[in-house]
Amino acid sequence: MIRLVSAPFDPGEALAEFCRGRRETGAVASFTGLARAEAGRTTRLELEAYPGFTEKEIARHASSARDRFSLQDVRVIHRVGSIPPGEAIVFVAAAAAHRRSAFEACDFLMDYLKSRAPFWKKESGPDGARWIEPTDRDRDDLARWER
């Protein structure tokens, strides 16, 4: 399931819900990303997305992760709108028969979400606002899955 939400969400609740009733799952791995204050340089993170299109693109990549890592299930919750430091931006969970597949799937999905997912990100702070682009490290992380 892929969800874009504008309101804060509780990653712990999301994980508990995702794990509930899994009698044949051997591993669930999850990742939660939080908005950072960047030592006071950021007071607000803003994420924009195209409703419908963004979810469809993330779902397409999640389907690829299901196939690539033999997942039983995957969940992505991603915030949009204005997010203050300390709040969750993203939650990714992967359920698999074995731990390595679940860990790698979360890593694979996060590399996509960080670098290629159709979001527009802007940080605002005391010195004004700036658009955020993927870094060289982000691109290197993503490229390792294409080898």
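The model is a predicted one, in which local features need pLDDT of at least 70 and side-chain atom pairs count only at pLDDT 80 or more, while totals for chains, interfaces and linings use all residues. Residues are numbered from 1 along each chain as its sequence is written, and side-chain values use heavy atoms, with hydrogens and water left out.

Both β3 and β5 belong to an open sheet of four strands, ordered β5-β3-β7-β8 and paired in the antiparallel sense. The edges are taken by β5 (81-83) and β8 (128-132); each has a single partner strand, so one side of each is left without a neighbour in the sheet. On average, neighbouring strands of this sheet are turned by 25° against each other, direction ignored; the axes behind this value are lines fitted to C-alpha atoms (for helices over the stretch in contact), with angles from 0 to 180 degrees between N-to-C directions.

With β2 (residues 27-34), β6 pairs in the antiparallel sense over eight bridges, and Phe 31 has Val 92 of β6 as its bridge partner. With β4 (residues 73-79), β6 is joined by six bridges, again antiparallel, and here Val 76 has Val 92 as its bridge partner. Buried here means under 20% relative accessible area, exposed means over 50%, and partly exposed lies in between (1.4 Å probe, protein chains only).

Strand β4 also holds Asp 73, which counts as buried at 15% relative accessibility. The side chain of Asp 73 meets that of Arg 66 in a salt bridge (3.2 Å, N to O), a term that stands for a side-chain nitrogen of Lys or Arg within 4 Å of a carboxyl oxygen of Asp or Glu. Arg 66 is partly exposed, at 32% relative accessibility. The two side chains also make a polar contact at 3.2 Å; this requires a pair of N or O atoms within 3.5 Å, and within protein one must be able to donate a hydrogen and the other to accept it, while residues adjacent in sequence count only if both atoms are side-chain atoms. Arg 22 joins Arg 66 and Asp 73 in a network of salt bridges. Once neighbours within four places in sequence are set aside, Asp 73 is in contact (heavy atoms within 4.5 Å) with Phe 18, Arg 22, Arg 66, Ala 93, Ala 94 and Ala 95.

The structure holds twelve salt bridges. One of them brings together the side chains of Glu 123 and Arg 130 (2.7 Å, N to O). Glu 123 is buried at 12% relative accessibility, whereas Arg 130 is partly exposed with a relative accessible area of 46%. In another, the side chains of Arg 41 and Glu 38 meet at 3.5 Å, N to O. Arg 41 is exposed at 52% relative accessibility, while Glu 38 is partly exposed at 21%.

Glu 38 is found in the loop between β2 and β3, and Ala 39 lies in that loop as well. Glu 38 has a positive phi of about 50° although it is not a glycine. Ala 39, also not a glycine, has a positive phi of about 55°. For context, most residues other than glycine have a negative phi. Ala 39 counts as exposed, with 78% relative accessibility.

A last stop is Glu 17, placed in helix α1 (residues 11-19). Glu 17 counts as partly exposed at 41% relative accessibility. Between Glu 17 and Leu 109 there are 92 residues of sequence separation and 20 Å in space, C-alpha to C-alpha.

Conventions:
Helices (H or I, at least four residues) and strands (E, at least two) are DSSP runs, numbered from the N terminus. Two strands pair if DSSP finds at least two bridges between them.
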